[in-house]
Each structure stands twice: as C-alpha cells, then as structure tokens.
Amino acid sequence: MGGLRAGADIVMTPVAIEGLVSAAEDGVRSVWILGEVVEDCSGRYYRVTGAGDARVGLAVTCAEGGTEPDDDITHLFRESFTDGVLMVTDPYAGEFALYISEGGELRKASAVMSE
C-alpha cells in the first residue's frame, strides 16, 4: 500500500466515507471511526473502514456549519484521543475535513480513497 497511499495520513474506503457522511446528514452528532493504525515502509497511517467500535478516531457534525473544529469539537475529541483521526462534517454543505492528532497536536490530514 505504501506507493498507493503516496504519503497520505489516512486511507479511507468509499463505504467508510458514505457511512460517516450519512450519519452526519441523519443528525448524528458524533460517531466512532472504525479502522486501524498501519505501519509500512513509508511510515505510519490510518486505515479507515467505517463507523464502529474498533475506534481510531471520532467523526463529529458541526452544528453551526463549516469543517473547522471549534473548541467544543476539539474538547470532545481530546476526551478520548491523544493520537487519532478527527473528521468534521458540515451536513449543510455536504463537505468534510480530516485531521489527525499526534501527541495531542491536531493538524489537517492528507487522505486518499481506496477500494
């Protein structure tokens, strides 16, 4: 997968994207992100496969719109994660943004979609 992911922080399946965005559109405030941390010759990345219990992160709907994590979203995320994936969805615009936290530092993530 190393070459295919081209240095991306996150690799997501289409089913994962559809499920997480659908939850936000249905009014779900937050949902655990199902996936795993993977190490390969290019380094560490997150493989996201959907919503569920084997959590690597949190998907949150921004009630006010937008895809930037506000203080409430950041606090909610940090209650459960030091390292992990944060997805912020704007259900009104049909957009989302991905972030990763490493050692408590949250930053915008690069992502690719895989089959």
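Biologist: Which residue stands opposite Tyr99 in β7?

Modeller: Lys108 stands opposite Tyr99. Keep in mind that this is a predicted model.

Biologist: How do β6 and β7 run, and how many bridges join them?

Modeller: They run antiparallel, and four bridges join them. Strand β6 covers residues 95-102, and β7 covers residues 105-108.

Biologist: What does Gly103 do in that hairpin?

Modeller: Gly103 takes a positive phi near 60°. The hairpin has two residues between its strands.

Biologist: Zoom out. What is the strand order in the sheet?

Modeller: The order is β7-β6-β5-β4-β2-β3-β1-β8. That makes eight strands in an open sheet, with mixed pairing.

Biologist: Which strands stand at the edges?

Modeller: β7 and β8 do, and β8 is residues 111-113. Each has a single partner strand, so one side of each has no neighbour in the sheet.

Biologist: How many degrees does the twist average from one strand to the next?

Modeller: The twist averages 30°.

Biologist: And β1 with β8: parallel or antiparallel?

Modeller: Parallel, with three bridges. Strand β1 is residues 10-12. Ile10 has Ala111 in β8 as its bridge partner.

Biologist: Now helices. Where does α2 pack?

Modeller: Helix α2, residues 14-25, packs on the sheet. The strands it touches include β1, β2, β3 and β8. Its direction makes about 55° with that of β3.

Biologist: Which strands does α3 lie across?

Modeller: Helix α3, residues 71-78, lies across β2, β4, β5, β6 and β7. It runs at about 145° to β5.

Biologist: New topic: rings. How many aromatic pairs are there?

Modeller: The count comes to two aromatic pairs. Trp32 and Phe81 make an edge-to-face pair, because their planes are at 70° and the cut-off for that class is over 60 degrees. Their ring centres are 5.9 Å apart.

Biologist: Where do Trp32 and Phe81 lie?

Modeller: Trp32 lies in strand β2, and Phe81 in the loop between α3 and β5. So the pair ties together parts that are 49 residues apart in sequence.

Biologist: What about Phe77 and Phe81?

Modeller: They form a stacked aromatic pair. It is 5.3 Å centre to centre, with 20° between the planes. Both Phe77 and Phe81 are buried.

Biologist: Which residues form the aromatic cluster, then?

Modeller: Trp32, Phe77 and Phe81 form one cluster.

Biologist: Take two cysteines, Cys41 and Cys62. Is Cys41 buried or exposed?

Modeller: Cys41 is exposed, at 78% relative accessibility. Cys62 is buried, at 4%.

Biologist: Last one: Arg44. Where is it found?

Modeller: Arg44 is found in strand β3, residues 43-51. It counts as partly exposed, at 41% relative accessibility.

Biologist: Which side chain does a polar contact join to Arg44?

Modeller: The side chain of Tyr46, with a contact of 3.1 Å.

Biologist: And how many Å separate the C-alpha atoms of Arg44 and Ser22?

Modeller: They are separated by 28 Å. Along the chain, Arg44 and Ser22 are 22 residues apart.

Terms used
Residues numbered from 1 in each chain as written. Predicted model: local features only at pLDDT ≥ 70, side-chain atom pairs only at ≥ 80, totals over all residues. Heavy atoms only, no water. Buried < 20%, exposed > 50% of the residue type's maximum accessible area, 1.4 Å probe, protein only. Polar contact = N/O pair within 3.5 Å; in protein donor to acceptor, adjacent residues only side chain to side chain. Pairing = 2+ DSSP bridges. Axes fitted to C-alpha atoms, helices over the stretch in contact; angles between N-to-C directions. Contact = heavy atoms within 4.5 Å. Phe/Tyr/Trp six-rings, centres within 6.5 Å; stacked < 30°, edge-to-face > 60°.
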